Amino acid sequence: MNCDEIRNLIFSYIDNEADEDEKLLIEEHIENCDECKKELEEYRKIIKALNDLPDEEPPAGYCKRLHEKLLNSKVTVFKDESVIESNTPKKRKSKYGWVKYASLAAAVVLVFTVAAINNLKLSGMKSTENNIAYDSAEPSAPQAAPRAESPAELKSYSVRGNEFADQDYNNQERIASEESGYAGVKDKISTMSLDTREMKIIKSGTIYAQTEDYDNFLKDLEDKISSLGGFIENNNTEVYQVHNDNKLMYGNLKLRIPQESFYELISYLESFTEVRRKNVSENDVTKEYYEKDNKVKNLEIQEQHLRDLFEKAQTVEEMLQIENELRRIRTEIDALNISLADINDRAAMSTINLEVEEVKGAAFTIKGEKSVWERAREGFINTVNSIVRGFGNFIVSIISAAPIVVPAAIIFIILLFRIKKYWKKKI
Amino acid sequence: MQSNELSLIERSRQGDVDAFEELIKDYKKIAYNIALRVLRNVEDAEDASQEALIKVFKNIQNFNMQSTFKVWMYRIVVNTCIDFKRKKNLNVVSIDETIDLGGSVQIHREIADDSNNPDILIEKHFDNKLINDAVNKLEDDYKTIIILRDIQGFSYSEISEILTCNMGTVKSRLNRARKNLKEILENELRIQC
């Protein structure tokens, strides 16, 4: 066993959670290896220092305030029915009620729309009646659709955010141009940049996933990424556990990927690994970017002015002063250009921080021990699904059969009455 | 689980506040301290830990006795604190990332990666402030596990239940957290030199 493997084991050794074999291995190794011994001592010292951190006492009155809050919560939890004491949950109830009814209405509209369209397709007749039905169904469809999709997607939200930022940006521009000494020039720049403005959005994600075969996963991932035009910026792979002679690997990868393929890669990762945690963000830096960009343009104009002045300068002192000023402006321009390039780079290439853990043993035991409860749950879910599906089909067939069934039923009922009357007369 | 605790849980379920307070008597200080370490601020720590304890009280009906009460309670405490932090959107500062201080000011934080004076950890004495600062610089996941294991002294199996992950994950995350912490400490001490 080498030092690296020992060093992954020393933590459970320090915590007294190592098994006997590991203990022996470590003790043997430490006898002969000063490096690892020192490492062990260092960690012991750090952990002891952490252990010795004193616990703080809760502030005065903590218990009293907790007691009051507990009593309050008791009122809301245990006397939910009483109207006077708990008006907040009541309010919430009515608010949810609205949503419930609205969604119910949306669902009904949706069902009828689908049924109507379905009906049209099924019968395939060109009668005017059907056309009317289609017309009246159409406007209700888009009404129902947004409501059904209403849990706003990240994307649509961020787009709205951009619009807002744009407005803000315009206002600022206007104010700035009124105040600025370079009013004319700046105005021109801002109107120009408004036309050609391109969104600068930095997408980034953090994913924590588990896989059963780390090496193959990594190989596939590399192929996928290079096919998308990205690269792995940083790959930090280690063996974190040895399990029945199997080395379980852990990798911390930093992936850079062209921003248009960002979501493609994420869905790729989701389909080939067991994603445990996922965090995706889109950060809009358009405003910041164009502010800097404008600053650069202004500075360049200023630089040009200074150069013209420099030509006309007569004394050495003047020249030196102008030169100083020029140098200052040049440095500022360079600094801004660097950060612009940085934003460009980060916007063009999204970053995904990927943590992958190999979980051979764990996955097997879970699969092996499928308990009665789990199987029952699966069965339950299947049944519910089939009920829902069956119910849907039932409604669809009823509605599609309605044009035939309803008149038939009416005729049937009328006939029934007639027959009853007839029999009564006879008797 | 002790029978005393069981009867207290039973009474809490019926809404007995006194019984509940008796039940959490030994735990609330630790709950407060966990919150304090995660949120680094006395007021927030009080708010978050009390919010968590109230959540425990409200949801005690849902406690299914599969784990110990202690572990179940701390799971709620840890999750509430982390949510609280996320909601407050405290600026989380990662240790080697570009920080934007608004406008054009950007600072690069980096951990120097030279191990020239390796005995620094053995020779130096750490005071509480140094250790506290170092823990605060860890990422949230690592910080949580260090708080649970090394500061509050939970066992591996308890941690795996509190964080609802398997033992392998606990071990590997703890390993990485400690390695990170050591790097941060080495760096701090080197600056002090």
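Start by selecting the contact between the two chains: 38 residues come from chain B and 39 residues from chain A, where contact means C-beta atoms, placed from the backbone, within 7 Å. This is a predicted model, so local features need pLDDT of at least 70 and side-chain atom pairs pLDDT 80 or more, while totals for chains, interfaces and linings use all residues. Residues are numbered from 1 along each chain as written, with chains lettered from A and ligands numbered from 1 in written order.

Next, pick helix 10 of chain B (167-192), which gives ten residues, the most of any element, to the side touching chain A. Helices are DSSP runs of H or I with at least four residues and strands are E runs of at least two, numbered from the N terminus. Colour that side of chain B by type and you will find 18 nonpolar, twelve polar and eight charged residues; Ala, Val, Leu, Ile, Met, Phe, Trp, Tyr, Cys and Pro count as nonpolar, Asp, Glu, Lys and Arg as charged, and the others, Gly among them, as polar.

Along the sequence they run α-α-α-α-α-β-β-α-α-α-α-α.

Then go to B:Cys81. Beyond its neighbours within four places in sequence, B:Cys81 contacts B:Ile34, B:Ala35, B:Val38, B:Leu39, B:Ala48 and B:Ala52.

Last stop: residues 3-36 of chain A, which an unreviewed UniProt entry labels "domain: Putative zinc-finger"; such annotations may be inferred rather than shown by experiment, and positions follow the numbering used here, with feature names shortened. The span is 82% helix and 0% strand, and its end C-alpha atoms lie 7 Å apart.
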